[in-house]
Amino acid sequence: MDDKSHRAVRRVQGRSAAPGIALGPLLRLAPAKHDARQHRSVAEEHQALVDALAASQEALGLLAGDAGDADAEAILAFQMALLEDDNLTAPAFTLIAQGEVASRAWSAAIDPEIASYEEASDSYFRARASDLRDLRDRVLRYLAGECEQIVPSGVIVAADDMPPSTFLATDWRDGGVVLRRGSPSSHVAILARSRGVPMIVGVDVDHLGDGSDVLLDGDAGTLIIDPDAEMRAIFYQRRAEQSAVRQAGTSLRGPAFTASGERVRVMINVTGLAELSRLNPAEVDGIGLMRTEFLFQGRENLPTEEEQYQIYRRMLEWAAGKPVTMRTLDAGGDKPIKGLTQAGGINPFLGVRGVRLSLRNLDVFRAQLRALARAAVAGNLKVMIPMVTVPEELDRCRALLEEAREELRREGQVAQMPPLGMMVEVPAAALAIEDFNADFFSIGSNDLIQYVAAASRDEPQLADLARPSRAVFNLIGHVVKYADSSGRETSLCGDLAGDPEQVAALLDQGLRTFSVVPGALGPVRAAIARYSGVTA
Ligand code: PEP
Ligand code: MG
């Protein structure tokens with residue numbers, strides 16, 4: 001409990017969900033209240049729910065218009081689709097017809113749905129429960145006649161859970177988030193990382209006093225309540241250092257060089273067109289990883305060949321001749337896709353995912369390869385295959401891509417065979433890299449680390465094991481060396497590439513192409529500029 005008389009410093013340990021630091025007053029976010037009114041007629045209750053659903057739909061539509069990134073758009077589209085889903089709303093209207101008040105009828109209809117997402121064995125679906133709670137509370141707020149929850153800027157918000165729509169509607173400058181629920185893979189954590197908002201999860205927020213000053217450390221996963229003068233001084237120093245690094249990085253326009261003048265390519269990882277609208281192609285060396293599975297997620301039907309072609313073509317046009325590496329569908333593992341991946345499979349990370357799934361769903365794979373072969377004429381396209389384990393998988397993909405190109409030509413369509421490369425993220429592939437007929441390699445450190453350490457990338461208790469070890473660096477060095485000696489390019493597109501503290505160690509291994517999330521461009525370029533030679 002807080003000892004307000006002498007404001008003792010308290011440290012609470014949570015789990016890091018988004019890096020960064022923030023200092024400010026704590027604001028405890030209240031859960032949505034239920035409408036207490038009970039005196040309306042059945043017709044009025046019915047109309048109240050109709051109005052609340054319509055108001056929610058409109059508000060989500062407005063948020064979607066301002067979202068500006070693929071993750072945010074996907075969450076809002078999921079919620080808007082649910083509002084239109086009769087399977088969800090019809091039971092609520094039935095209960096109202098039987099005399100229930102609208103708010104209780106709505107909760108009764110949506111709560112079992114939330115519970116089924118919460119109980120899902122798959123962490124992706126569990127994380128979606130928060131999107132549903134957000135939707136439930138939004139409609140309840142409208143039914144209770146409340147307006148949007150407004151979060152002032154510059155505060156550290158503590159809550160049970162953070163609805164994605166509240167997150168999206170908030171100005172997070174200098175702020176941060178502390179949650180009891182949620183995980184680093186929940187949608188709100190993904191949004192926080194992509195927008196640079198520090199966040200920690202797994203904190204007992206009931207014992208946090210509203211209004212106290214808190215220091216949130218999203219890197220260490222800690223919250224310090226009533227930090228003393230020394231802690232504040234360290235905070236200001238760290239913040240100044242971080243903004244200096246960002247400044248240094250962003251002021252480095254054009255090609256990146258090490259301190260000794262060696263050229264290093266820095267590309268970006270993206271999930272769709274939306275992210276590109278905020279980026280200038282002149283400031284990057286291309287797209288090193290386009291995770292195409294995000295085009296397949298959160299929708300009723302899979303995207304058609306034509307839809308995919310239009311998106312790929314526009315990305316190539318954006319890049320204006322710079323390389324664009326499109327990775328074929330990497331569904332499965334922590335990225336299930338409705339109608340394609342198997343729910344509840346044993347150990348999904350070791351199951352039918354990536355290329356294993358594509359080779360078992362040839363209709364879906366062929367449509368993607370045709371879209372890619374068509375788009376290849378519009379720019380500098382490279383096609384990359386995820387989760388390759390044995391050479392035959394890549395050979396089969398090459399044959400299918402060639403077939404797709406031939407088929408398109410026979411149909412009179414313009415198409416071209418792009419370079420075909422592979423992700424190196426399975427230890428079996430890294431160890432026998434000489435056996436693969438790949439035009440280029442890109443190391444997927446996120447999966448490589450978890451498979452080398454036999455420690456799941458989404459198991460917080462094993463974070464100490466699932467980290468870049470000497471074994472991982474040895475494998476990276478082995479791949480880079482082979483690629484260099486055989487005249488092939490290697491990049492690294494896992495999160496490791498975006499960690500400025502690991503840049504020197506990666507350069508030591510001979511890596512000269514990094515592909516990072518746009519937010520890491522500045523710090524990574526600055527770390528490259530500081531590098532003057534082998535450090536280990
Ligand atoms: C990786 O495994 O490092 C990678 C880039 O792929 P993903 O994170 O999409 O599995
Ligand atoms: Mg991977």
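The axes of helix H3 (residues 86–97) and helix H4 (residues 102–118) come within 8 Å of each other and cross at roughly 145°. Here axes are lines fitted to C-alpha atoms, for helices over the stretch in contact, with angles running from 0 to 180 degrees between N-to-C directions; helices (H or I, at least four residues) and strands (E, at least two) are DSSP runs numbered from the N terminus. The crossing of H3 and H4 is right-handed, a crossing being left-handed if the near helix is turned anticlockwise from the far one by less than a right angle, and right-handed if clockwise. From H3, the contact draws on Leu88, Thr89, Pro91, Ala92, Leu95 and Ile96, while H4 supplies Ala102, Ala105, Trp106, Ala108, Ala109, Ile110 and Glu113; contact means heavy atoms within 4.5 Å. Sorted by class, the contact of H3 with H4 holds eleven nonpolar residues, one polar and one charged, where Ala, Val, Leu, Ile, Met, Phe, Trp, Tyr, Cys and Pro count as nonpolar, Asp, Glu, Lys and Arg as charged, and the others, Gly among them, as polar.

A word on conventions: the model is predicted, local features need pLDDT of at least 70, side-chain atom pairs count only at pLDDT 80 or more, and totals for chains, interfaces and linings use all residues. Residues are numbered from 1 along each chain as its sequence is written, chains are lettered from A and ligands numbered from 1 in the order in which they are written, and side-chain values use heavy atoms, with hydrogens and water left out.

Attention now turns to the rings. A pair of aromatic rings is described by the distance of the centres and the angle of the planes. A search of the whole structure finds four aromatic pairs, where rings of Phe, Tyr and Trp (its six-membered ring) pair if their centres lie within 6.5 Å, planes under 30 degrees apart counting as stacked, over 60 as edge-to-face and the rest as tilted. One of them joins Phe235 and Tyr236 edge-to-face, at 5.1 Å centre to centre and with 75° between the planes. Phe235 is buried, with a relative accessible area of 4%, whereas Tyr236 is partly exposed at 46%; buried means under 20% relative accessible area, exposed over 50%, and partly exposed in between (1.4 Å probe, protein chains only). Phe441 and Tyr482 form a tilted pair, with 6.2 Å centre to centre and 55° between the planes. Because Phe441 lies in strand E15 (residues 440–443) and Tyr482 in helix H16 (residues 470–485), this pair ties together parts that are 41 residues apart in sequence. Both Phe441 and Tyr482 are buried.

The charged end of Arg374 sits over the ring of Tyr309, 4.1 Å from its centre, and that of Lys382 sits over the ring of Phe440, 4.6 Å from its centre. A charge is taken to sit over a ring if NZ of Lys or CZ of Arg is within 6 Å of the ring centre and within 35 degrees of the ring normal.

Helix H15 (residues 445–453) is largely enclosed by the rest of the structure, because seven of its nine residues are buried. These are Ser445, Asn446, Asp447, Leu448, Ile449, Gln450 and Tyr451. The buried residues of H15 pack against strand E11 (287–291), strand E14 (420–424), helix H14 (427–431), E15, H16 and strand E16 (489–492). After H15 comes Ala454, found in the loop between H15 and H16. Phi of Ala454 is near 50°, a positive value in a residue other than glycine, and Ala454 is exposed, with a relative accessible area of 70%.

Ala320 likewise has a positive phi, of about 45°, although it is not a glycine. Ala320 is found in the loop between helix H10 (305–319) and strand E12 (324–327), and at 63% relative accessibility it counts as exposed.

Gly196 follows helix H7 and has a positive phi, near 70°. Gly196 is placed in the loop between H7 (187–195) and strand E6 (199–201) and is exposed, at 55% relative accessibility. The buried residues of H7 itself are His187, Val188, Ala189, Leu191 and Ala192.

Finally, Ser358 lies in helix H11 (residues 355–358) and counts as buried at 5% relative accessibility. Not counting residues up to four places away in sequence, Ser358 touches Leu329 and Phe365.
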